[in-house]
Amino acid sequence: MPERTARNGLGWALGSILLLAALIALPHLLSHSQQEILVLLTINVLLVSSYRLLTLTGEWSLAHAVIMGIGAYASALISKQLGLPVPVSMLLGASTAALLAFLLSFPLLRMKGFYFLIGSFAAGEIIRLVWKWSEMTWLFGGPKGIKLIPPFPDIELLSLSVDFYDPVNYYYLCLIVVTLSLFILYRIERSRIGLTFHAIHWQDKLAQSVGVNTFRYRMLAFVISAFFAGLAGALYAHYVGTVNPNRFSVEDMVYVLIWAIVGGTATFYGPILGVIALTVLNEVVLRALDIDQMRPMLYGAILIVSILFLPKGLESLVPKIKGWLAGRRDRRVVAKRGAKTEQPAQ
Amino acid sequence: MTVELFLQTVVNASYAASYMALIAVGLVLIFGVMGVINFAHGELYMAGAYAVVALYAGAGFPFFAAVAIGLVFVGLLGLLMEYGLFRPLRENPLGGLIASIGFLLILQTIAVLGFGVRMKNVPPSTQEKIVFENGVVLTYQRLYVIVVAIVLLSALWLFLRKTKFGWALRACAQDREAAALQGISINQTARLAMFIGAALAGVAGALTAPLVSPTPFMGHTVIITAFIIIIVGGIGSLEGAVLVAILYAFVNTFVTTIYDGTIANIVGLLLMLAVLIVKPTGLFGAKERA
């Protein structure tokens, strides 16, 4: 981690302000349909970042899309059936996802690696089957899911009224929620807890032998990542207005996996880079060529190419580009100096 | 449950057990030799079914010629996967699995682009059926599946036990490095396992095409079932895969007949979760694999 000198800190602050300004200005540069995609992209950033927290402990789950769905279903049901206000139902939905993850962690976290992968896959499929089950239609609506989910209520602030039916406003709402969530996730990763997650990933026996309760920490990672995935699901449900079991299928899970892998999971920004790059590629390239049916093939090809040729993800390019830029600058400085003092550069 | 219904369900379960065993054994063989779980296995099954759609229902080939071509074609797809994906990623077991997910998406899209997303109806190759005295019916189409599965799996068993290639394959599955030290070519063995494993999935798809109405997404349910079977049977155990395929098919068919399909699927998945928790090596798996 680079040292935070005063100059560096100023750079950080300036960069953050510029980024924030760009993010606030962004929707006004886009068409209506692009604004809608921007909302979904913001939600997906939270989804894939929450997934990364779980991968810190070395586990790759195939249930994450379903856990997002739990948040979506729970928030939709709580606001629709119990009539609670939507902001409250969103938090309760996320908590439901966390609670279910807590319960699921007892069987699932007894497994590791490949077994965990398959076990989480099975658990997710069971939950999806329950959603689809004809006996549970009265609650979950069967394969058609839940429709007419109450939208996020308008905010009346003095003379200003904010209507969240407008994607721009909903985008700002998501931006606030997601930025706050990412900040929390980042702090968790940089805290003692996050360091313990890393330790469990790379040296689980050693961590155990110095007194770390690895089961409890893996459970913690699973529950926290489920909470934020559930929050992403709740944001999704009250924006789109309907949820159904097919929205949280294996295919959707595969996309989360692809974003994380193409971006890389070694850094905090890797998965975010992945989801943004692939969404832009998807919307710009595929829409321009009008070959929406080719989407899975393109994603499959990208996945294969990136795992074969860029196994550390897009994030591994960032230091290379940085190094290349810095190298060029250094060379220029050296060249200038060399010209002045007539000394050959080393 | 009447006796007739019971016997009919037994017949139906035998058919389901046959094609599931073909698929699961292929998956186990690939895992045993290469250490990779092939997520695209359901799509290899789908490719076999579409070979019959194209050749038998489309181009008018005789049914068994189409099945044979489908077998070879899917086997070649397997070789392509081995050469393009699993060999470069041999040091990275999770990488092979993820690459096979990418391959799955590609195969699915090819099927969608080539044949559309709708179900394809494949006419049965024969209308003949055996009617037992108490009214239980076994169509020839289903009988073919049962017979071919028994023949192919017996042939595979003999091949693994009696031939040099089979010994090499089993040696690789036990310990790849030790096998290499004995002069066994890992690449050749991997090719062989991948061809056989893929071809078994392909032949299962080809034979069942007239019975299931192929769609590009038919691999999904199949791969879940195959996972259940190989986990319960013990990953890496061929005998376990066959026995659990039979067990699973009977449980699933009976629960479906008595209650409904969703409960049957949930029961299967819960069974797998229970095995994963209690005995992750499976009922017939001998040892933990790294």
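Predicted model: local features only at pLDDT ≥ 70, side-chain atom pairs only at ≥ 80, totals over all residues.
In helix H11 of chain A, the residues Ile258(A), Trp259(A), Ala260(A), Val262(A) and Gly263(A) meet Gly270(A), Pro271(A), Gly274(A), Val275(A) and Leu278(A) of helix H12 of chain A. This contact, sorted by residue class, consists of seven nonpolar, three polar and no charged residues.

**H11 and H12 of chain A**

- Two packed helices are described by the angle between their axes and the distance between the axes.
- For H11(A), which covers residues 250-263, and H12(A), which covers residues 270-289, the angle is about 115° and the axes are 7 Å apart.
- An angle of 65 to 115 degrees counts as roughly perpendicular, and H11(A) and H12(A) are therefore described as roughly perpendicular to each other.
- The crossing in which H11(A) passes H12(A) is right-handed.

**H2 and H4 of chain B**

- Helix H2 of chain B (residues 41-58) and helix H4 of chain B (residues 93-115) have axes that come within 10 Å and cross at roughly 20°.
- Because angles under 35 degrees count as roughly parallel, H2(B) is roughly parallel to H4(B), and the crossing of these two helices is left-handed.
- On the side of H2(B), the contact is made by Glu43(B), Leu44(B), Met46(B), Tyr50(B), Val53(B) and Ala54(B), while H4(B) contributes Leu104(B), Leu107(B), Gln108(B), Ala111(B) and Phe115(B).
- Divided by class, the residues in this contact of H2(B) with H4(B) are nine nonpolar, one polar and one charged.

- The 20 residues of H5(A) should span 28 Å at 1.5 Å a residue, and the end C-alpha atoms are 29 Å apart, which agrees.
- H5(A) is mostly covered, with 16 of its 20 residues buried.
- H5(A) packs against H9(B) at an angle of about 130°, with the two axes 11 Å apart, and the two helices are therefore oblique to each other.
- The crossing of H5(A) and H9(B) is left-handed, and the contact is made by Ile118(A), Phe121(A), Glu125(A) and Arg128(A) of H5(A) together with His220(B), Ile224(B), Phe227(B) and Ile231(B) of H9(B).
- By class, this contact of H5(A) with H9(B) has five nonpolar, one polar and two charged residues.
- Glu125(A), which is found in helix H5 of chain A, has a relative accessible area of 8% and is therefore buried, since buried means under 20%.
- Apart from neighbours within four places in sequence, Glu125(A) is in contact with Val250(A), His220(B), Ile224(B) and Leu269(B).

**H11 of chain B**

- Helix H11 of chain B has 18 residues (261-278) that should span 26 Å at 1.5 Å a residue, and its end C-alpha atoms are 26 Å apart, which agrees.
- The buried residues in H11(B) are Thr262(B), Ala264(B), Ile266(B), Gly268(B), Leu269(B), Met272(B), Leu273(B), Val275(B) and Leu276(B).
- What covers these buried residues of H11(B) includes helices H4 (86-108) and H5 (113-132) of chain A, together with helices H9 (219-233) and H10 (238-258) of chain B.

**Thr139 of chain B**

- Thr139(B) lies in strand S2 of chain B, which covers residues 137-139, and at 27% relative accessibility this residue counts as partly exposed.
- Leaving aside neighbours within four places in sequence, Thr139(B) is in contact with Glu128(B) and Lys129(B).
- From C-alpha to C-alpha, Thr139(B) and Val151(B) are 18 Å apart in space, and they are 12 residues apart in sequence.

Note on methods:
Residues numbered from 1 in each chain as written. Chains lettered and ligands numbered in written order. Heavy atoms only, no water. Axes fitted to C-alpha atoms, helices over the stretch in contact; angles between N-to-C directions. Helix = DSSP H or I, 4+ residues; strand = E, 2+ residues; numbered from the N terminus. Parallel < 35°, antiparallel > 145°, perpendicular 65-115°, else oblique. Left-handed = near helix turned anticlockwise from the far one by under 90°. Contact = heavy atoms within 4.5 Å. Nonpolar A, V, L, I, M, F, W, Y, C, P; charged D, E, K, R; others polar. Expected span 1.5 Å × (residues − 1). Buried < 20%, exposed > 50% of the residue type's maximum accessible area, 1.4 Å probe, protein only.
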